[in-house]
Amino acid sequence: MSASRVPSVALRSASLWSSRPVLEIAPRWLAGSNIASRCLSIGYRPAPITAGQRRAVTSTFKRTFASVDDTFDPATIERESDEVDVCIVGGGPAGLSAAIKLKQLANEAGNEDFRVLLLEKAGELGDHIVSGNVVEPSALNELIPDWNSEDNPNRFEPVTPATKDKMRFLTKNRSIPIPAPPQMNNHGNYIISLNQFTKWLGERAEEVGVEVYAGFAASEILYNKDGSVKGVATNDLGLNKMGKPKDSFERGMEFHARCTLLAEGCHGSLTKKVIKKFDLRRDSQPQTYGLGIKEVWEIDPAKFEKGLVVHSMGYPLPMDTYGGGWMYHFGDNMVSIGLVVGLDYPNPWLAPYGEFQKMKHHPLYSKYLEGGKCISYGARTLNEGGFQSIPKCAFPGGALIGDTAGFLNVPKIKGTHTAMRSGMLCAEAAWTALKDTKDTEGAVFLYDYEDKLRNSSIWKELKQVRNMRPSFHTPLGIYGGVIYSGLEAFVLRGMAPWTLKHHSGDHLATKPADQCKKITYPKPDNAISFDILTSVSRTGTNHEEDQPVHLQVQDYDRHTDLDYPKYQGIENRFCPAGVYEYVEDESKKHGVRFQINSQNCVHCKTCDIKDPSQDINWQTPQGGEGPKYVMT
C-alpha cells in the first residue's frame with residue numbers, strides 16, 4: 001500500500017481550516033489519494049471545530065440552527081473510503097501501544113508503507129482519558145526502553161516515583177491500618193496523569209509513522225460478504241435532533257482494513273456489537289463493572305507528601321457495596337483523589353457521586369484537602385470481572401485489546417500495563433499474519449493473539465487474583481470479601497482448585513426502592529464537596545445541541561413505565577454528570593417526565609451498564625465532542 005500520506009497532525013490543527021463549505025456533490029477522487037487528502041479537499045473537520053468553541057456546561061448563548069431538508073436521505077450519498085493495513089479504534093494506552101509496536105515491526109522490516117491508522121473520538125488524544133493512576137512500567141519499558149531516560153530529550157517527564165503505601169479501613173470517623181496484599185506493593189511504580197501520558201504516547205506514535213486521526217468517532221462496524229470485519233465507518237455530521245440532515249451535513253467516512261483492532265476502553269460501543277455478533281462471551285462469565293470518580297487538587301505545600309499512595313475501604317460505602325477510595329500525591333503539590341463503586345450495588349437510592357463527596361470529608365482525606373483547590377473532575381467505568389470475564393479476543397478480521405476486553409487487575413488496582421501489553425501482543429500477531437499475505441487473500445484471524453495472551457504475564461496475574469472480586473458477593477459483604485481476599489493474597493496465592501463466579505449482570509443486582517433504605521446526602525460545602533453541575537463544569541464537556549441524542553432511548557414514556565415506579569429515579573443517582581432527571585409533569589402517567597441532558601455527558605457509560613431495564617444505549621456523538629479532561 002503505497003498511497004501518499006498527509007501527516008495526521010494536520011487534521012487536528014485549527015489553523016489549517018477555513019470556513020467549512022456545504023457538501024452538495026460528492027467529488028470524484030483521483031486514484032491513489034487517501035483519506036487525509038480527501039479530508040483536506042472537502043474541508044472536513046472534527047466536531048470541536050465544527051461545533052465552535054468549547055463551552056462550560058452552565059454557559060448560555062444564542063443558538064442558530066441550520067435549515068433542514070426533510071426529504072433528503074443521507075444514506076443516498078456514498079461514503080468516501082480509505083484502505084489501510086491496520087485500523088485501530090481508540091487512542092488510549094492499548095491502541096497507541098499496538099500502533100507503535102506495529103510500526104516498529106514494519107519499519108524494522110523495511111516496510112515503511114505498511115499503514116497503521118488510529119481513530120480517536122476525542123478532539124485530541126487524552127481528552128477522554130481518566131484514571132488514578134499509579135502505573136507499573138513493565139510494558140512501557142519494553143515498548144519504549146528510554147521513556148524515562150535523562151538522555152532522551154523526548155522522555156515522559158511528569159512522573160512521580162511512588163515512595164510510600166498506606167492501606168486503611170475506614171469507619172465514619174476513624175482510619176484503621178490494615179495489611180495491603182502483595183499486589184498493591186508500589187515499589188518501582190510511578191504516579192502519573194494518564195491524560196498527559198496518552199498525549200505523550202501519541203507523539204511517539206506519530207514519530208514512527210502512525211496516522212493518528214483525533215476527532216473521528218467510529219460508530220459503525222463494516223462487514224465483508226463472508227461476515228468478517230471489513231473496517232469501520234465514522235458517524236455523519238450535520239444531523240439535527242430528529243436525525244435529519246441540515247445544510248451543514250457531511251457524510252461519514254469508511255476505513256477499510258486488513259485487520260481492525262478495537263481499543264475503545266471499558267464497554268466500547270463497537271465492542272458490544274462485535275461481541276454479540278461473534279458470540280465472544282460464549283465461554284466466559286458476564287462482565288462486572290465499577291464506576292471511578294476522580295478529582296485533581298492543588299493542595300497546601302505544607303501538607304504535600306510527594307509519592308504518597310493511599311488506598312481505603314469501608315466508609316462511606318455500605319457493607320453490601322464493593323468499592324474503595326484512593327489518594328495519590330504527585331507532581332508539585334498535586335493530589336489525585338477518587339472513589340470506585342462497584343456497579344453491582346443493590347440499593348437504588350445510592351449515588352456514587354454523593355458517596356465520593358462524603359468520602360472527601362473523612363479526616364483521612366479532608367486534612368489534606370482543606371485549604372486546597374479542586375482543578376479537575378472526571379468519571380469513567382472500568383471492568384472488574386477479571387479472569388472469568390475475559391471474552392474471546394480474536395474475531396474474523398480483527399481483535400479486542402486493552403480495557404475493552406477487560407484486562408484490569410482489580411486487587412492490584414492497575415490496568416495500564418496489561419492494556420499496553422495486550423496491544424503489543426496483538427500487534428505482533430497482526431504483523432505476523434499480514435506481513436506475507438495480500439489484500440486479496442481474505443480476512444485474517446489472529447489465532448496467535450489468543451495463544452500469546454494465554455502465555456503472557458496478563459493471563460498469569462489475572463488468574464492468580466481471579467477469586468478476590470467475586471468473594472465480595474457473599475452475605476458477609478465487604479467483611480467476608482476482605483477476609484477471603486487476605487486468604488487468597490497471603491496463603492492460596494491463586495492456587496485454589498476452584499474459581500468463584502460472578503452474578504448475571506450489574507443491572508440485575510438492583511433491588512426495588514421500597515426494599516432499600518433511602519439515602520439522603522448532605523449539602524455540599526463548596527470547599528471540599530461540590531454540587532454535580534459544578535463538577536461537570538470542570539470537565540470541559542461540550543456537545544453540539546442540535547444533533548441526535550447519543551444516549552438512545554426508544555420511548556421515553558415506556559422507559560418511565562419500566563424504571564420509575566420500581567426504582568424511583570435511579571438514573572439521576574447513578575449518573576455522575578447530571579444527565580438524567582425526572583421532571584414533575586402532572587400530564588404524565590406517573591406525574592413525572594423523563595429527561596436527558598445529553599450535553600452534560602462525560603462518556604462514562606454507567607447508564608448503559610446500570611440501567612435496570614437495559615433501555616439506554618450509549619452511542620458515539622459527533623467526533624471531537626465530550627469531555628476535555630486536564631491532568632486526569
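Helices (H or I, at least four residues) and strands (E, at least two) are DSSP runs, numbered from the N terminus. On that basis the secondary structure of the protein comes to 16 helices and 24 strands. This is a predicted model, in which local features need pLDDT of at least 70 and side-chain atom pairs count only at pLDDT 80 or more, while totals for chains, interfaces and linings use all residues. Residues are numbered from 1 along each chain as its sequence is written, and side-chain values use heavy atoms, with hydrogens and water left out.

**Overall composition**

- Of the 632 residues in the protein, 59% are buried; buried means under 20% relative accessible area, exposed over 50%, and partly exposed in between (1.4 Å probe, protein chains only).
- The accessible surface amounts to about 25,700 Å², and carbon and sulfur atoms account for 51% of it; accessible areas come from the Shrake-Rupley method with a 1.4 Å probe, and for residues only the protein chains shown count as cover.
- Among contacts between residues at least 6 apart in sequence, 78% join residues at least 24 apart; contact means heavy atoms within 4.5 Å.

- Helix H5 covers residues 194-207, and its 14 residues should span 20 Å at 1.5 Å a residue, which agrees with the 20 Å between its end C-alpha atoms; the expected span of a helix is 1.5 Å times one less than its number of residues.
- The buried residues of H5 are Leu 194, Asn 195, Phe 197, Thr 198, Trp 200, Leu 201, Gly 202, Arg 204 and Ala 205.
- These buried residues pack against helix H3 (93-108), helix H4 (138-143) and helix H9 (416-434).
- H9 is largely enclosed by the rest of the structure, because 16 of its 19 residues are buried.

- Strand E18 (residues 373-383) is mostly covered, with nine of its eleven residues buried.
- E18 pairs with strand E14 (residues 289-298) in the antiparallel sense over ten bridges; two strands pair if DSSP finds at least two bridges between them.
- Within this pairing, Arg 380 in E18 has Gly 292 opposite.
- Gly 385 lies in the loop between E18 and strand E19 (394-395), and it counts as buried at 2% relative accessibility.
- Leaving aside residues up to four places away in sequence, Gly 385 touches Gln 287, Thr 288 and His 502.
- Pro 470 is 85 residues from Gly 385 in sequence, yet the two are 8.2 Å apart in space, C-alpha to C-alpha.

**The E3-E7-E4 sheet**

- Three strands form an open antiparallel sheet in the order E3-E7-E4.
- Its edge strands are E3 (134-135) and E4 (160-161), each of which pairs on one side only.
- The antiparallel pairing of E3 with strand E7 (residues 190-191) runs over two bridges, and Val 134 stands opposite Ile 191 in E7.

- Phe 490 is found in helix H12 (residues 477-492) and is partly exposed, with a relative accessible area of 40%.
- Together with Leu 487 and Val 491, Phe 490 forms a nonpolar patch on the surface, with about 270 Å² of accessible area in total.
- Patches are made of residues with over 30% relative accessible area and no salt bridge, where like charges are joined within 9 Å and nonpolar side chains (Val, Leu, Ile, Met, Phe, Trp, Tyr) within 5 Å; a salt bridge is a side-chain nitrogen of Lys or Arg within 4 Å of a carboxyl oxygen of Asp or Glu.
- Arg 493 is placed in the loop between H12 and helix H13 (532-537); this residue has a positive phi of about 50 degrees although it is not a glycine.
- With a relative accessibility of 45%, Arg 493 counts as partly exposed.

**Other backbone features**

- A cis peptide bond, with omega about 5 degrees, joins Gly 132 and Asn 133; Asn 133 lies in the loop between strand E2 (116-120) and E3.
- The peptide bond from Tyr 315 to Pro 316 is also cis, with omega near 10 degrees, and Pro 316 lies in the loop between strand E15 (308-314) and strand E16 (323-330).
- Met 631, in the segment after strand E24 (617-618), has a positive phi of about 65 degrees although it is not a glycine.
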